[in-house]
Each structure stands twice: as structure tokens, then as C-alpha cells.
2 protein chains.
Amino acid sequence: MSAAEKVDLLVTGGTVLTMNAGRELIRDGAVAIVGDTIRAVGTRSELAAKFQPTRTLDARGALILPGLINGHAHAAMSLFRGLADDLALEDWLQKHIFPAEAANVNEEFVACGTRLSMLEMLRAGITTYADMYYFEDVVACVTRETGMRGILGETIVDFPAPDNKTPADALRYTEKYLRDWENDPLVIPAVAPHAIYTCCEKTLLDSAVLARQHGAPILIHISEAPFEIEASKQKHGVSPIGYLAKIGFLGPDVVGAHCIWVDADDIALLKKFSVGCIHNPSSNMKLASGIMPVVDFLDAGHPVGLATDGAASNNSQDIFEEMDTAAKLQKIARMDPRALPAIQVVEMATIGGARALHLDRIVGSLEPGKKADLIFVDTNGPHATPMYDVYSQLVYALRGSDVKTVIIGGKLLMENHRMLTIDEEKTLCEARAYQKKLSGWAKLA
Amino acid sequence: MSAAEKVDLLVTGGTVLTMNAGRELIRDGAVAIVGDTIRAVGTRSELAAKFQPTRTLDARGALILPGLINGHAHAAMSLFRGLADDLALEDWLQKHIFPAEAANVNEEFVACGTRLSMLEMLRAGITTYADMYYFEDVVACVTRETGMRGILGETIVDFPAPDNKTPADALRYTEKYLRDWENDPLVIPAVAPHAIYTCCEKTLLDSAVLARQHGAPILIHISEAPFEIEASKQKHGVSPIGYLAKIGFLGPDVVGAHCIWVDADDIALLKKFSVGCIHNPSSNMKLASGIMPVVDFLDAGHPVGLATDGAASNNSQDIFEEMDTAAKLQKIARMDPRALPAIQVVEMATIGGARALHLDRIVGSLEPGKKADLIFVDTNGPHATPMYDVYSQLVYALRGSDVKTVIIGGKLLMENHRMLTIDEEKTLCEARAYQKKLSGWAKLA
């Protein structure tokens with residue numbers, strides 16, 4: 001018998017949801033990992049015979065699945081969680097969020113808020129997230145230090161932002177940021193012109209040109225609210241998506257969050273340009289933004305990712321909650337309980353989200369050669385018993401708090417609910433200090 | 001100084017959400033309990049000076065609130081959780097749920113499923129629930145043995161049920177059941193004619209008469225699905241609520257689950273007859289039943305309770321999830337982010353739910369003289385940090401898994417996440433045996 005091949009880590013014994021093309025489920029499965037990469041996926045007995053691991057992790061009684069993908073977040077805004085809920089959009093933004101940002105957002109704030117969000121997202125099994133905020137270099141530092149994977153976009157707007165006072169300043173900041181983080185194993189630096197109603201045509205195109213010079217992704221809010229559609233039709237004579245297509249902004253490097261108010265022509269354009277589309281069901285409901293026609297996107301063969309949006313508008317950063325909400329929202333919107341079945345929702349949270357972020361070559365499924373981003377989900381709770389269908393269970397019964405172990409790029413970040421790369425007490429303590437400082441901006445101070 | 005008054009239990013140190021008429025919040029609060037009843041609610045220092053407790057429970061860092069009320073459940077159906085999701089209503093009922101019930105539901109099944117649900121509900125902070133199922137005497141036994149509070153209704157239908165083959169048999173069973181459980185400190189036996197489309201007029205009225213002879217509550221599904229409304233208009237010339245009013249069924253002892261397809265006249269009738277109305281947002285979305293106009297009920301001054309419905313149609317029995325979903329569903333349905341603000345949702349889960357169940361004299365708020373049903377909710381998680389508004393946090397950020405301690409009628413049922421009156425391992429083990437037995441009825445066997 002030949003000597004077994006050495007691997008760094010062997011995960012064994014749970015049910016593996018590969019989310020590969022055949023959506024293969026492997027009971028009593030295993031995943032072998034070398035460095036930051038998956039070497040093999042198979043049954044426990046197969047892989048035990050083939051590999052000699054430096055370390056073995058027992059996942060019996062758990063589901064082993066690709067780390068969840070949060071396609072749109074504003075991580076630092078966790079410090080604004082619940083600051084001002086149940087308000088009209090204008091009041092919420094103009095009287096609470098914008099003044100609170102102007103007065104408080106600096107590098108320390110962003111570091112603290114981002115670290116708090118890493119903690120929350122990791123505890124709920126998120127391994128990759130896309131972010132849009134200010135001081136994105138700080139977001140990248142915290143993400144890297146925590147060991148999460150992120151597409152992190154520096155936000156560019158025409159009005160003075162907490163970090164840069166003009167779009168020109170923001171573009172200069174972003175150019176340096178893109179250079180500083182190129183080729184990082186976890187952080188993918190990106191450019192994030194905020195939206196068509198906060199960026200003029202020049203800002204949008206300057207942002208896109210800069211991103212394309214560096215091969216960086218472009219993150220943007222698209223068609224989130226009715227006012228945006230009305231304004232675009234009035235100003236440009238076309239929908240926001242028609243406008244972005246016309247000016248040459250759209251492309252396979254663009255990720256659009258929301259995409260709610262779209263017609264068949266818009267969906268066709270998004271597909272034609274391979275624009276990644278991200279659904280934020282909880283945020284869209286809570287802010288009464290509207291309902292993205294997710295089923296129409298999927299019917300058109302265009303993948304959709306799932307996301308939490310920022311904690312000021314949701315207020316949870318938990319993809320399990322978004323899975324549950326996404327499925328139920330399509331059903332009620334279409335008055336059809338068959339709409340968006342559980343397996344499609346799990347796809348949105350994994351391989352579909354990876355496709356929407358243009359990252360499906362490296363994450364989104366458990367397959368040899370992909371990055372070793374995986375989570376163990378405990379299925380022993382009373383709320384998850386009995387279990388007839390793993391996809392139904394993940395979407396409708398299991399919760400973020402059932403995630404027990406998180407591995408990103410082959411590295412353990414949480415083991416049996418214990419955080420390994422973040423000082424949890426310190427992070428919470430710092431966040432509570434901001435709670436005191438910010439309470440003057442709260443709706444009910 | 002006079003001798004302090006003796007109390008059995010003093011809960012101290014958390015923030016008390018009294019949910020009393022003034023919605024008083026008491027920081028560093030305390031609750032004193034004698035027997036199964038609240039003796040006093042106040043600040044920690046006030047109550048520490050006044051009372052000498054046999055036992056003290058430290059609730060620092062937690063929210064102390066009235067136990068949550070689940071206004072409509074089918075507890076034993078937890079064994080069908082996820083058996084057959086994402087199906088058209090007819091397929092779901094006729095091809096999966098009804099055959100699975102006919103073949104499997106007996107006293108052992110009901111005991112096992114109910115015990116599993118007690119575990120799930122208690123872990124999520126539910127202290128009172130309303131139930132409709134078969135073999136309700138068994139449900140009552142398990143509820144009593146666990147120490148939960150319940151309005152438990154024996155289901156009466158015109159077709160042969162797992163326990164009784166005719167409505168006459170069911171009425172005889174129910175009469176004995178009502179007598180056996182009268183004056184129980186926790187179990188309120190009830191009569192549950194299923195719905196107007198499964199009970200003829202005679203069955204509805206016989207059920208109501210029996211209930212009224214015994215002073216028992218009447219539980220029924222009302223206006224859940226469009227077909228029910230169409231059939232009622234065709235057959236009776238009026239809406240289901242109009243019909244129930246006309247035949248003398250409605251009254252202040254009736255609790256109606258769903259009440260989705262209602263107009264202003266229906267709401268006025270429900271209010272006129274003081275019918276308790278229960279909203280099941282997750283179930284209504286998942287089954288695509290429709291959206292209850294909750295805001296219209298509240299605007300009309302008629303209270304609404306919250307509920308999970310059965311685990312075959314939701315699939316979670318967690319009022320935190322229902323709070324979050326209820327708030328967001330009204331906002332998106334009305335395209336108004338101000339609709340159903342957080343405090344109104346917490347009311348629905350506590351005092352409003354108690355009103356809807358006609359139990360507000362004994363539960364729903366923390367006030368002297370009411371039953372000592374209270375829960376501690378841990379607020380230290382990253383997903384619940386920072387906290388600016390306790391109501392926002394409860395609805396939009398906190399989760400069932402944050403409930404750490406549950407007291408019902410002065411008795412501890414869960415302490416620091418440890419179950420005290422249910423053998424958790426045994427219950428889960430028995431439920432898993434049913435999983436094997438039932439998997440032949442699963443959609444994806």
C-alpha cells in the first residue's frame with residue numbers, strides 16, 4: 001500500500017452539501033484541505049484511506065457547506081444598528097443617519113464597526129462579503145486581520161464624505177487603496193460609486209475607468225427606490241439600468257445591489273452585460289423599498305446573490321434570516337407557495353452569490369481547487385428536528401446561531417462557537433462605548 | 001426597621017419591560033414573585049429593601065419581559081417540519097400532510113410532537129400558546145407536565161379525524177376533556193371547530209354551545225385563504241366573518257387565527273363581538289395565503305396577537321422571528337417604513353396577544369397580581385450590540401436563541417439555556433425515531 005498523501009486538514013463525518021453542478025450531497029462525508037485550498041471532497045472512508053491529515057476536525061451531526069456569501073453590506077454601520085427605525089426614508093437619512101455619519105465616522109469608528117460586523121457575520125456562517133463604505137482601507141485591514149474574505153469597495157459620492165471631501169479626492173484615495181491591496185489572498189479591493197442619484201455621470205465613469213485600469217470590481221446600488229427610477233426617466237429618458245448601459249458603465253465586473261424596480265428589458269440588459277445582482281430582502285421590506293422580482297431573474301437564467309445590507313437598515317447581518325425571508329417574500333409577492341423553493345435559495349447564498357460577485361471560480365461550492373471556505377451547521381436543536389430535507393431545513397428552520405465552526409482559506413476562524421481571530425469581549429466593549437457616544441442621534445434618545 | 005416581607009423569588013438587575021399601560025421601562029429593575037403570582041415590580045433597590053426572597057435570580061445584562069404569547073399553533077405537527085415544502089396548497093395537504101396524519105397521528109405521536117414543540121417554544125421564550133390539534137387531552141398532559149401555559153383546543157371537523165371519526169364522537173371527547181381539565185392552573189381546555197370549510201353549520205354551533213356551557217374558549221381558523229372567502233360568498237352570500245356573525249358563532253370567547261381576507265365591515269364585526277385575532281406572518285407568507293391588514297385592525301382599536309402556526313407550515317416556532325416578519329411585512333405591503341413600529345410589534349407578542357386570547361387579566365404584562373410568566377433575554381451578542389432602543393432590538397435584532405431563562409407561574413423552566421422540566425436528549429431522540437418512520441411521506445424521500 002502506497003503512503004497516503006499528506007493534507008493539512010481533514011474535515012470528516014458530517015453531511016457535505018457540495019453545491020457543485022450536480023448539487024451532490026455526501027452523507028458521512030469529508031473535505032481534505034491543503035493550504036488555503038480544497039484538495040478533495042468525498043465520503044469519509046474514501047478520504048480517510050487516501051489522505052494523512054495533520055489535523056482532523058469531527059463534523060458528525062452537522063451539515064458541512066460552503067461558507068455563506070453576503071453580497072452587499074456596509075459593515076461599519078453596525079454601530080448604527082437600531083439607531084433610528086420605523087421612519088420615513090427622508091427622515092431616517094437626513095435627520096439621523098447622515099448627521100450621525102458626518103459627526104462620527106472616522107478611522108476608529110470604521111475599525112470598531114467593521115470588527116463588530118465580522119464577529120456577527122462569522123457567527124452566522126458568512127465567509128465572504130461585499131462592502132461599500134468610507135475609509136475602506138481600514139475595512140480591508142480589519143477584514144484581513146480577522147481572516148475573512150471580502151470584496152471591499154471604497155464609496156465615491158459627489159457630496160463631501162467622512163473620508164474624502166470631493167470625488168477627485170475619493171478617486172485618488174481609491175487608486176492608492178487599489179494598489180495597496182492588489183494580490184491580497186483575502187481582500188479584493190473594489191471601487192464603489194454609490195448610485196446614479198449620488199454620483200454624476202463623470203463620477204460614475206471616472207470610477208469605472210479607475211476600476212478597469214486595475215481589474216477591480218465595481219460595486220453600486222441600482223434601482224433600489226421608486227424615486228430613483230422616476231428621476232432617471234425624467235433626467236435621462238431611460239431606466240437607471242438603461243442609463244448605466246448607455247454610458248458604458250455596465251460590464252461583467254459590476255455588482256448591483258437591490259435591482260428592485262426592473263422590467264424585462266432591464267433584466268435582459270443586466271444579463272447581457274453579466275452584471276452581478278444582489279437581493280436584500282430584509283432591508284427592502286424594512287425600508288419599504290420594494291420587492292425584487294427574483295424569480296424573473298432566475299427564470300431568465302441570471303443568477304442572484306443574497307445580502308443583508310447594512311445593520312442600520314436591516315438590522316441583522318445573518319444570511320440564514322435572508323434565506324428564509326427571500327423564499328417567503330417571493331411566495332407572497334407571487335401568491336404562489338411554489339415560488340423560489342429552498343434549494344434555489346441555498347444556491348443564492350452560496351454558488352449563486354459567488355456568481356453574482358464574479359467569484360465562482362474560487363468560492364461558492366465545495367470542489368477540489370476552490371478556496372477552503374466552509375462552515376459546520378449544528379442540526380441537533382429542537383427547532384431543527386426532525387430533518388427530512390437539508391435545503392428546507394437550512395432555509396426555513398436553521399438559524400445563524402446554529403453555525404458552530406467556520407473555516408476560511410483553510411484557517412479556523414470559529415471552532416465550536418468560539419472565536420479564534422477576534423477578541424470578542426474587547427470588540428463588544430468598544431462597540432458599547434460608541435453606543436453611549438451616539439445615543440444623542442437615536443430616534444428615542 | 002420593620003421585617004421585610006417574604007417572597008419566593010426575586011429577579012433583579014435587568015431592564016424590565018413591564019408592558020403595563022404606561023409601557024414603563026425600569027432600568028436596573030426587579031420582579032418579586034410569591035407562588036405563581038407577581039407580587040411587585042420596581043427598581044432593584046426598592047424591591048431589595050422591601051422583600052426578603054427565598055431565592056434570587058440575577059438578570060443583569062438581560063431584558064426582563066413578559067413571556068411571549070404564541071396565539072396559534074399545532075404543536076404536535078413539529079414532527080412534520082419540512083416534510084413537504086414549496087408545494088401548491090392542494091398537493092401539500094392532500095398528497096403529504098393528510099395521508100401522513102391519517103397513517104401516523106395517534107397518542108404517542110401527539111405526545112412526542114408536543115414535547116418537541118414545548119422544547120422549541122420554551123427555548124425561544126414562549127410561555128403561553130394556543131393549540132388546535134387531535135388527542136388534545138394528550139397535548140394538555142404534556143403541557144402540564146412541562147409547566148407551560150396553554151389554551152388547548154380539541155379540533156372538530158366533519159371528516160374522520162385521527163382521534164374521532166365523527167363530529168358527534170369529537171364533541172363527546174371534547175365534553176369529557178373540558179370537564180377533566182377545568183380549573184387547572186396552567187391548561188385552559190378549549191373547543192376548536194377547524195374552519196367554516198371543514199365544519200358544517202351544525203358542527204360549528206354544536207361546538208360553540210358546548211364551549212359556552214363550560215365557559216371554554218373557542219378556537220377557529222378564519223379567512224385564511226381566498227378559496228374560503230369565495231366559497232362563503234357563494235354558499236352563504238356573505239364573507240366568512242359575516243356568516244359566523246349571522247349564525248351566532250362569534251363572541252368574546254372566540255379566537256380567530258389568520259383573519260387575512262377581511263374588509264372594514266369584517267373588522268368592525270370582529271371588534272363588535274370582541275373576537276381575538278391572531279396574525280401568523282411567516283406561515284401566511286410561506287403558504288402564500290395573503291397578508292393580514294394588521295395596521296387596519298390596530299387603527300380600528302382592535303388588538304392583534306402573533307403566532308407561529310404549525311411547524312409544517314412555517315417551519316419555526318419562534319415569536320422573535322414572527323415579530324421581525326410581522327413588522328417588515330406590513331411595511332412592504334403598505335410601502336411605508338413607518339407602518340407597524342417596533343413597540344406595536346412587541347405589544348402584539350405580549351399584552352396584545354394576551355388580549356387576543358382573552359387572557360390579559362392573567363398574563364401579557366409584568367404587573368402585581370398577574371401570573372409570574374417572564375423571560376430573560378441576553379443582549380450581549382454581537383448581533384444585538386449596540387442597543388439604542390429595546391423595542392427595536394427585540395423586533396429587528398434579537399433572536400429566540402438569545403432567551404436564556406424562562407419562568408412560568410413562578411417556576412423556572414429554563415435557566416441559563418438549560419431545560420429543567422423536559423428531558424431534552426430523550427425528546428430529540430424520540431423525534432428522530434419519527435423522522436425515520438415518516439420519511440416515506442417526505443417530498444424528497
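In the predicted model, 55 residues of chain A are in contact with 55 residues of chain B. Contact here requires C-beta atoms, placed from the backbone, within 7 Å. Five helices of chain A each supply at least two residues of the side that touches chain B: H3 (107-123), H10 (281-286), H12 (319-334), H15 (390-397) and H16 (424-438). H16(A) gives the most, with 5 residues. Helices (H or I, at least four residues) and strands (E, at least two) are DSSP runs, numbered from the N terminus. The side of chain A that touches chain B divides into 28 nonpolar, 12 polar and 15 charged residues. Ala, Val, Leu, Ile, Met, Phe, Trp, Tyr, Cys and Pro count as nonpolar, Asp, Glu, Lys and Arg as charged, and the others, Gly among them, as polar.

As this is a predicted model, local features need pLDDT of at least 70 and side-chain atom pairs count only at pLDDT 80 or more, while totals for chains, interfaces and linings use all residues. Residues are numbered from 1 along each chain as its sequence is written, and chains are lettered from A and ligands numbered from 1 in the order in which they are written.

Chain A superposes on chain B by a rotation of 180 degrees, with 0.0 Å of shift along the axis and an RMSD of 0.0 Å. This is the relation of a two-fold axis. The same surface serves both copies, as 100% of the contact residues of chain A recur in chain B. Of the residues of chain A, A:Ser401 comes closest to the axis, at 3.6 Å (C-alpha).

The largest nonpolar core holds 316 residues. Such a core is a set of buried Ala, Val, Leu, Ile, Met, Phe, Trp, Tyr and Cys residues joined through C-beta atoms within 7 Å. Buried means 20 or more other C-beta atoms within 10 Å, exposed 12 or fewer, and partly exposed in between. A:Val31, A:Ile64, A:Met323, B:Val31, B:Ile64 and B:Met323 touch the most other members. Beyond four places in sequence, B:Met323 contacts residues including B:Leu306, B:Val345 and B:Leu394.

Some backbone features stand out. The peptide bond from A:Asn314 to A:Asn315 is cis, with omega near 10 degrees. A:Asn315 is in the loop between strand E15 (304-306) and H12 of chain A. B:Met335 is not a glycine, yet has a positive phi of about 50 degrees. With 12 C-beta neighbours inside 10 Å, B:Met335 counts as exposed.

Note on methods:
Least-squares fit on C-alpha atoms with pLDDT ≥ 70 in both. Contact = placed C-beta atoms within 7 Å.
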